[in-house]
Amino acid sequence: MWARAVTKVQGDVQVTAAVPTREETKAIFSLPLYDRGVQPVWLQIRNYSPYPLRLALVSLDRDYFSPLEVAYVHRRGYSTEGRAAMEKFLHAQGIDRFTAPGATSSGFIFTHLDPGTKGFNVDIYGNREDYLFTFFISVPGFLPDHAEVDFASLYDDGEFIRLKSENELRRRLGEIPCCSVNTDGKQGDPINLAVVADPQVVGRALLQSRWEETAAGTEQTAAARTHRYRGRPPDVTLHKSRKDGSERKELRLWMAPILFGDSPVWLGQISHDIRGDAGNAAAKPYRIDPDLDDARMYLLQSFWFAQSLLKFGFVNTATATPMYAPAVNFLGSEYFTDGYLLVLMLSGRPVGLDEVQHLQWDTLPRL
Amino acid sequence: MTCVLENMSIHSFHTWTGVAVSLSILCSIAGATGYELPVPSARVHTQTQGNVRVSTAVPSDRETREIFGQPLYRDNVQPVWIKAQNLGDTPVWFLPVGLDPDYFTPLEVAFRYHARNPSGNDALNRRFFESRMGIEIQPGETRVGYVFTELDEGTKAFNVELATPGRTETMTFFVPVPGLRVDHHNVDWQGLYSADEIVEYDNPQSLVQALQALPCCATDKQGNGLADPLNIVVIGEITHAYRAFLRAGWDETETIYGASLFKTAISAVWKSEYRYSPVSALYLYGRAQDIALQKARENIHERNHLRLWLAPMRFQGQSVLAGQISRDIGVRFTAKTITTHKIDPDVDETREFLLEDLAYAQGLTKFGYVEGVGAAPIDAPRGNLTGDPYFTDGQRIVLWIASEPVDTAEIELVDMRAANP
């Protein structure tokens, strides 16, 4: 676990994070936490500032488990004394939210098990100062699809189109290809998203709005990878489901050879798989919700409520397909759309609900 | 025909260049989320805030079947009818995620009722799609439509969030639905205390003293026996408090007077999520809690409960609520109430969770701590009424509720110990 620990520094604050595997967890706690859906994350916070720091546990997991809750789940089979000892041990392992000036605190936080690279935010608040970290820690046994992409070698330096103004960006985004294609060159889904942000900001925003990574080389990404842009499958595929499993949203992103200021522009598409009966997998197979625009608006809101959205606007790409004459992608799924590209400029700093700016570009039509 | 008439009126008022756009907009308003979409019931609730007027109604199970021809309630879907009028001169964005983060799309609902014979499916899709609520509302425009939400088993409590440049309007609605339980009790807040019973505090020092002087704990009905510790204080308007808690994903719940225990028991056995397990009554100021809220996580074993009472005091003109929060980590079957919740003994952990939960829902402006609960170390825990042990540092957290969204970087820590003489 320690070999995979990651350390980051911001100003006067240093954070180290590590995630034990299933076996390492069992060795540390003598409890099969992974079997119960619990994944411990170890943190060490060094405070070189003259003020006390406060860690927000919900920044790692909005529904984290408290140490004694974990103890309660594992209570069976213990004698009274044994159980008391186990509770004490787990409580002592939990990280303290507060770190005094000059001090170091360390311990575990018990999160929900992610089947992947453990991606999480660590938000720490000091004296009118905040330190917002994002970690992606690989856990052996899982490789997210984006780990297989060598982003630095995707493009030569000379290939990048460098844009300075929002007007240039708007004009350029009006010229991107309409859709993904498959290896035979047949049209897939519309590219109806452009995200402007550094990779770590994109990662942070996605974590904050609870999107999950997708494992490389698995069935989960098979369909997504049939979609190509510039001849390659998505650089990053993410997904998100309702608790009852009755639907699934899939977000596919590609880094484009476009820089806005210093930030890359990511092109993407989002689709929404729906199922006939809630929670009953056998009832009906998934199918794509043909209303692509609803999923696009969902993504807008998911960043908006997660304090990650700085600006947004729309570009009319003049590729509307109405509901009564839907288009069909290469997988045979019907869809309809107003043909507007949603442009999202993300922020690594929290943005209040009322601080989000709407770029007055193209006005959405009424379908 | 409405479409044409509307278009004609626009035509005569606007320049020629605007006509083509206006035409398509107006036709589709009438056709898709049109003005003609009827009000589903006479139970319409209307609020106006800033430049937006919002009316809402929630059709009952029977009314929903009449409108959509399908048993949506049976399938856990509850339509909410919204009419939003933009009275200002900038566009307004209606954000359905604020109403229900897991809302259903119209075609998702329609798909549930698709027949094997696909001939009628297009019509069904259209029926749902055309009744959906729109997102963007132009100046002077009115949009009407449904949002398909997860079914609530009692009063439908929800926020309607509307964003305009530099401003967010959030309105909180409590809509009783016939045929379902009543769990939102319209507390007569004005009638709880007479004017001379309420003490007004203006300086922080006297507030700290008053908050520290509150009893350590709630009690049973007779006022005997110490129940859970009163470790939270909420300062702000009551409507703003509801709004903040709803945005953070809390639901109002019913106090146990006998109902729905069977459901709780089933839910505990099957570990399925039943969002509305009731909470037992605890007492302060001689009465049961004024507000009972809960936040369900993955199943009934993982939920948080909180209870609040309006205190007979005001701070700088704002209401003060005192209460307690506990994290349920298990359910025990007991003779007394069939099921009782086992709480996390580390009640301070739960208290700090609440702070973070409200902060990340942009619902707080300030917070601080006062004494008054009385410390109980981990090696010498105290017990509540059901015999659950707990330990605490003895602090009470004081939470100032925001009247409008505040991002987490702007929240202030108030050093109330400095105010403590």
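Mentor: Two residues are in contact if their C-beta atoms, placed from the backbone, lie within 7 Å. By that criterion, in this predicted model, 9 residues of domain 1 of chain A are in contact with 10 residues of domain 2 of chain A.

Trainee: Why is A:Thr221 called buried?

Mentor: A residue is buried if 20 or more other C-beta atoms lie within 10 Å of its own. A:Thr221 has 20 other C-beta atoms within 10 Å, and it is therefore buried. The residue sits in helix H6 (residues 219–222) of chain A, and, leaving aside residues up to four places away in sequence, A:Thr221 touches A:Asp145, A:Thr214, A:Ala215, A:Ala216 and A:Thr237.

Trainee: How far apart are A:Thr221 and A:Pro233, in sequence and in space?

Mentor: They are 12 residues apart in sequence, and the distance from C-alpha to C-alpha is 9.9 Å.

Trainee: What makes up the side of chain A that touches chain B?

Mentor: In total, 41 residues of chain A are in contact with 44 residues of chain B. Helix H2 (67–73), strand S16 (263–274) and helix H7 (292–305) of chain A each supply at least two residues of that side, and H7(A) gives the most, with 6 residues. Sorted by class, the residues on this side of chain A divide into 19 nonpolar, 9 polar and 13 charged.

Trainee: Which parts of chain B have the lowest and the highest confidence?

Mentor: The mean pLDDT of chain B is 81, and 79% of its residues reach 70 or more. Within chain B, confidence is lowest in helix H1 (residues 2–13), at a mean of 29, and highest in strand S12 (residues 232–235), at 98. Residues 265–274 of chain B have pLDDT below 50, and this stretch has 17 contacts in the model beyond near neighbours in sequence. Over residues 334–338 of chain B the pLDDT is also below 50, with 7 contacts beyond near neighbours in sequence.

Trainee: What ipTM and pTM does the model score?

Mentor: The model scores ipTM 0.83 and pTM 0.79.

Conventions:
Residues numbered from 1 in each chain as written. Chains lettered and ligands numbered in written order. Predicted model: local features only at pLDDT ≥ 70, side-chain atom pairs only at ≥ 80, totals over all residues. Helix = DSSP H or I, 4+ residues; strand = E, 2+ residues; numbered from the N terminus. Nonpolar A, V, L, I, M, F, W, Y, C, P; charged D, E, K, R; others polar. Buried ≥ 20, exposed ≤ 12 C-beta atoms within 10 Å, placed from the backbone. pLDDT = per-residue confidence, 0-100.
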